[in-house]
Amino acid sequence: MKAYDRLFIGGEWVASSGTGTIDVINPTTEEVAGRVPDATEADVDRAVATAREAFDRGPWPRMGATERAAIVSKVSDAIKDEMQEFAELVSTEMGSPVSWGTMAQVLAPTMIFDYYAGLAAEYPFDDVRQGLMGQVLVASEPVGVVAAITPWNVPLFLAAAKLAPSLVAGCTVVFKPAPETPLDAFRLAELFESAGLPKGVLSVVPAGREVGEHLVRHPGVDKVSFTGSTVAGKKIAAACGEGLKRFSLELGGKSAAILLDDVDIAATLPMLMPSAMMNNGEACIAQTRILAPRDRYQEVVDALVDTVKGMKVGDPLDPAVEVGPLVAERQRDRVEGYIKIGQDEGAKVAVGGGRPARLDKGWFVEPTVFVDVDNSMRIAQEEIFGPVLAVIPYDGDDDQAVEIANDSAYGLCGSVWTGDPDRGLKVARGVRTGTYMLNSPIPIDFATPFGGYKESGIGREFGREGLELFLEQKSISLPAGYTPGV
Ligand code: NAD
C-alpha cells in the first residue's frame with residue numbers, strides 16, 4: 001500500500017491541519033491501495049498563502065520562461081523514466097487498462113510537458129507592435145495564483161494539461177486532484193521537488209468537493225482552471241463570476257461518430273473503437289453515439305457487436321486487457337442505472353448489459369452496445385461515463401446526421417467516417433464541437449486547441465491557446481524613438 005502522511009504545501013511536505021484521511025480503493029481488488037491526508041479548508045488557506053507570496057514576491061514569475069521550462073522538462077524526463085510505474089499506479093487508482101494507459105495516461109502527459117517547455121522559447125511574451133498612434137509593447141504576463149481542479153479519469157494527463165502551461169506562464173498553482181487519484185499527484189509533486197521547483201510555486205491538496213469550492217472562492221486565487229462535470233462547472237462559473245475571477249472549464253461530452261453511407265466499416269472500426277470505449281468509457285471525448293445510415297444500420301451493428309464481443313475485460317494490469325473496472329462502486333451503480341434506463345426507454349441491448357460472469361471482485365460492467373436508440377432518449381443525451389454505446393439510425397442525407405449530432409447539450413468532440421474526405425470535412429464543419437476527427441483515430445493533438453462548445457466548457461486547453469489561459473495582456477505605450485530590449 002502506498003501511504004502519505006503529509007500534504008505538499010508550498011513545496012514542503014507538511015502535516016494536515018485536520019485528521020481526516022482518504023483511502024484509495026483499487027477498483028479491481030476492492031482493497032485499499034493507498035492512503036493520504038484529506039486536505040481541509042485551513043490547508044487550502046495555507047497553500048493559497050504560499051502561492052500568493054511566491055507569486056507576489058518570489059522569483060518564479062520574474063525569471064525567464066525558458067528557465068521555468070527547464071524545470072518542466074526535467075519533470076517530463078523523470079516521468080518517462082517511470083513510465084510503467086506511473087501506468088500501474090494510475091491503473092491501481094482508477095482501473096484504466098495499462099494497454100491504453102501507458103500511452104494515454106503517461107506518455108501523453110510527457111508530450112504535454114514537452115510541448116509547453118518548447119513553446120516557452122517561441123512564444124512572444126513581449127511583443128512590440130506598431131499601434132495606430134505609436135509603438136506599443138504588448139507584454140503577456142502570468143495571470144497569478146491558479147487553482148487547478150481535476151477529476152480522476154485521466155489524472156496525470158489533466159495535471160499536465162494545467163501545470164505545464166500555467167507554470168511555463170509563470171503562475172503559482174494550488175492543485176486539487178480528485179480524492180480517487182491523489183497518489184499519482186503526490187508522485188508528480190515529488191518529481192517537481194526533485195527538479196528544483198522553487199518553494200511556494202506548487203501545492204497539492206487532495207480533497208473533495210466542499211474543499212474544492214473553498215479553493216474556488218478563495219480571494220487569493222486569481223484564476224480557476226477546472227476539468228470535471230458540467231454540473232460542477234456551472235457552479236464554479238457562478239462562483240468565479242461573483243469574484244470576477246478568470247476561469248476556464250473543460251466539462252462533459254456526448255460525442256457522435258457519424259458513419260456516412262460510403263463508409264468502409266471494416267477499416268473504420270479499428271480506428272473508431274479505441275475512441276468509443278477508451279478508458280473503460282470513462283472519457284469526456286468518448287464517441288458514445290454511433291450514427292449510422294438506415295440502409296447500412298444492421299451492417300454497422302453486426303460489426304460493432306462482433307468487435308465488442310472480442311474485447312478482453314479483466315485486470316487492467318494485464319497488457320492484453322482492453323476494458324478494466326469502473327472507478328468506484330457508485331460509478332458502476334450509475335452505469336448499470338443507465339443500462340436499465342435505456343431498456344425502459346425501449347432501446348435493445350445487442351451485446352453486454354451485465355457484469356462479466358467470471359469476475360467476482362471489482363467494479364466491472366460488460367462493454368455494452370444499445371441498438372434501436374432514438375437520439376431523444378436519455379442514454380443518447382446524458383453522459384453515462386462507462387463502456388456503453390448507443391447506435392442511432394439516421395435517414396436522408398449527411399445534413400440529417402449533422403442535425404442529430406448537434407441535438408445535444410454538449411459539444412466536445414466527434415468524428416466522421418467516409419470514403420470522401422471533402423464530404424467528411426463539410427460534416428466536420430457542420431458539427432458544433434471543439435474537436436473533431438475526420439477519418440482519424442486522433443481525438444486531441446496537444447499542439448492545437450482542445451475544448452468544448454455549448455455545455456462542454458469555456459476556453460481551450462493545449463496549443464498556444466492553452467498557454468494563453470494563464471496569461472494577461474498588458475499594453476504599454478512607448479515613447480517615440482524608444483525600442484525596449486526585449
Ligand atoms: P466532478 O465534477 O464531480 O469532479 C471533478 C473535480 O472537481 C474533483 O476534483 C471534485 O472534487 C471537484 N469538484 C466537484 N465539485 C466541485 C465544486 N463545486 N467546486 C470545486 N471543486 C469541485 O467530475 P467527476 O465525476 O469526478 O469527473 C467526470 C467528469 O469530468 C465527466 O463529466 C467528464 O466528461 C469530465 N471530464 C472532462 C474533460 C475535458 O477535458 N473536457 C476531461 C476529463 C473529464
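Which residue in β7 is the bridge partner of valine 128? In this predicted model, the partner is leucine 137. Five bridges join β6 to β7, and the two strands run antiparallel. Strand β7 covers residues 135–142.

These strands belong to an open sheet of three strands. The order is β6-β7-β23, with antiparallel pairing. Strands β6 (126–130) and β23 (471–477) form the edges, and each pairs on one side only. From one strand to the next, the twist averages 25°. In general, strands of a sheet pair through backbone hydrogen bonds, either parallel or antiparallel.

The ligand site was examined next. There are 28 residues around the ligand. Those that come nearest are Thr150, Lys176, Ser229, Leu251 and Glu383. Lysine 176 places a polar side-chain atom 2.9 Å from an oxygen atom of the ligand. For tryptophan 152, an N or O atom of the side chain is 3.1 Å from a ligand oxygen atom. Glutamate 213 faces a nitrogen atom of the ligand instead, with a polar side-chain atom at 3.3 Å.

The second largest pocket holds about 220 Å³ of space. Its lining comprises Pro97, Ser99, Trp100, Met273, Pro274, Met277, Met278, Asn279, Thr307, Gly310, Met311 and Glu322. Two elements, α4 (98–122) and α9 (265–276), each give two or more residues to this lining. By class, seven lining residues are nonpolar, four are polar and one is charged.

Definitions and conventions
Residues numbered from 1 in each chain as written. Predicted model: local features only at pLDDT ≥ 70, side-chain atom pairs only at ≥ 80, totals over all residues. Heavy atoms only, no water. Pairing = 2+ DSSP bridges. Helix = DSSP H or I, 4+ residues; strand = E, 2+ residues; numbered from the N terminus. Axes fitted to C-alpha atoms, helices over the stretch in contact; angles between N-to-C directions. 1 Å grid on protein atoms, 1.4 Å probe; cavity = no way out; pocket = protein on both sides within 12 Å on 5 of 7 lines; lining within 4 Å. Points joined across faces, edges and corners; volume = space filled by probe spheres on them. Nonpolar A, V, L, I, M, F, W, Y, C, P; charged D, E, K, R; others polar. Near = heavy atom within 4 Å. Polar contact = N/O pair within 3.5 Å; in protein donor to acceptor, adjacent residues only side chain to side chain.
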